[in-house]
Amino acid sequence: MRALVDNGTVEVLWQPPTDDMLDAYGERLLEAIHRRKVKRLVIDGLTSFHKAAVEPSRLDHFFTALANELRVLGVTTLYTLEVPDILGPAIRIPINDISSLAENLILFRFIELRAKLYRLVSILKVRDSGFDPSLHEFTIGPDGIVVHATEQSAEAIMSDFAPPPETAASSTPRAPKGRRS
């Protein structure tokens, strides 16, 4: 990546999350896109926009306007968004209506099980196309990112992770051992 930045092929714009306001972020970004005639864009961290919003209620409209402008300009955009809870089965997305912002949504998540961290990937949305909604385990190693071909390992991880279903017998209160009721 360093070589691409050094030769001018890639430009990195960094903005401290508390330094400016939302509209200034958008204006600076669009100016760079026009100046460089950008066709591929990575916005690493939609949360920075969230932090820059003086009025968080404007975020939905801002993101919709930005995404529409990028589509009109023919810019393919990859957005990243860090979710607050990175471990476990529950997922909270800090931005409302994220689905309208993106054509495709891919979720990367971690599951901690028996003192090991597993990585899972799933496709949440592919606009105007069918897709496999299964979870798949993936690993990162010397050969890069390897996504397991089937959902079997992810299914095993998730079934071991989930608490056992409560049965009628296990939900009935019992008297402590050694005492009679």
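In strand 6, Gly-144 is the bridge partner of Gly-141. Strand 6 pairs with strand 5 (residues 136-141) in the antiparallel sense, over four bridges. Strands here are DSSP runs of E, at least two residues long, numbered from the N terminus, and two of them pair if DSSP finds at least two bridges between them.

Keep in mind that this is a predicted model: local features need pLDDT of at least 70, side-chain atom pairs count only at pLDDT 80 or more, and totals for chains, interfaces and linings use all residues. Residues are numbered from 1 along each chain as its sequence is written, and side-chain values use heavy atoms, with hydrogens and water left out.

- Four strands make up an open sheet, in the order 3-4-5-6, and the pairing is antiparallel.
- Strand 3 and strand 6 (144-147) are the edge strands, each pairing on one side only.
- From one strand to the next, the twist averages 35° (axes are lines fitted to C-alpha atoms, and angles run from 0 to 180 degrees between N-to-C directions).

- Strand 3 and strand 4 (residues 116-126) pair in the antiparallel sense over ten bridges.
- Across that pairing, Ile-106 stands opposite Ile-123 in strand 4.
- Two residues sit between the two strands of this hairpin, and Arg-114 in the turn has a positive phi of about 50°.

- Buried means under 20% relative accessible area, exposed means over 50%, and partly exposed is in between (1.4 Å probe, protein chains only).

**Aromatic pairs**

- The count comes to two aromatic pairs, where rings of Phe, Tyr and Trp (its six-membered ring) pair if their centres lie within 6.5 Å; planes under 30 degrees apart count as stacked, over 60 as edge-to-face and the rest as tilted.
- Phe-62 and Phe-63 have ring centres 5.8 Å apart and planes at 65°, so this pair is edge-to-face.
- Phe-62 is buried at 10% relative accessible area, and Phe-63 is buried at 3%.
- The rings of Phe-108 and Phe-138 are edge-to-face because their planes are at 75°, with centres 5.4 Å apart.
- Phe-108 lies in strand 3 and Phe-138 in strand 5, so the pair ties together parts 30 residues apart in sequence.
- Phe-108 counts as exposed at 52% relative accessibility, whereas Phe-138 counts as buried at 7%.
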